[in-house]
Amino acid sequence: MLNNKIIIELEEIRKMPNPKRKHTPHRRDCRRSANSKLDVPNASKCLNCGVAKMPHKICPGCGFYNGKLVVVKKAKKVEQEQTQQEVGKE
Ligand SMILES: [Zn+2]
C-alpha cells in the first residue's frame, strides 16, 4: 500500500513541468541586479541655506524649518579653528 502510494507520487513528480536547462550565470546575475537597485531618497533644498535635506525635516546644515530657526547649530569650523590656535600657542 505504502509503496504503491510512493510510486504514484513519484510518477506525478515526473510529469510536473521542469526547466529544460540550467540558466546561465549572466541571466542569473541580471535577475539579481535588477532587484538590488537602490531608490534615490527624496531630497529638497533648504530655503535658508540651500543644502539638500529630507522633506519635512529640520535642515541639518543650519537648523531651520519652514523659514524659522528651530535648532541652534554650533559652528564646527569656528571650534576647530579655536582649538588649532590654542595648540599653536602652546
Ligand atoms: Zn539650511
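Here is a chat about a predicted model of a protein chain.

Biologist: Hi! What should I know before I start?
Modeller: This model is predicted, so local features need pLDDT of at least 70 and side-chain atom pairs count only at pLDDT 80 or more, while totals for chains, interfaces and linings use all residues. Residues are numbered from 1 along each chain as its sequence is written.

Biologist: Thanks! How many helices and strands are there in the protein chain?
Modeller: There are three helices and four strands, and from the N terminus the order is α-α-β-β-β-β-α. Helices (H or I, at least four residues) and strands (E, at least two) are DSSP runs, numbered from the N terminus.

Biologist: And what share of the residues is buried?
Modeller: Of the 90 residues, 2% count as buried. Buried means 20 or more other C-beta atoms within 10 Å of a residue's own, exposed means 12 or fewer, and partly exposed is in between, with C-beta atoms placed from the backbone.

Biologist: Let's switch to Gly-63. Where does Gly-63 lie?
Modeller: In the loop between strand E2 (52-53) and strand E3 (64-65). Gly-63 is partly exposed, because 17 other C-beta atoms are within 10 Å.

Biologist: Which residues does Gly-63 touch?
Modeller: Leaving out residues up to four places away in sequence, Gly-63 touches Ile-58, Leu-69, Val-70, Val-71, Val-72 and Lys-73. Contact here means C-beta atoms, placed from the backbone, within 7 Å.

Biologist: What about His-56, buried or exposed?
Modeller: His-56 is exposed, since it has 9 other C-beta atoms within 10 Å. His-56 also lies in the loop between E2 and E3, and its phi is near 65°, a positive value in a residue other than glycine.

Notes: Two residues are in contact if their C-beta atoms, placed from the backbone, lie within 7 Å.
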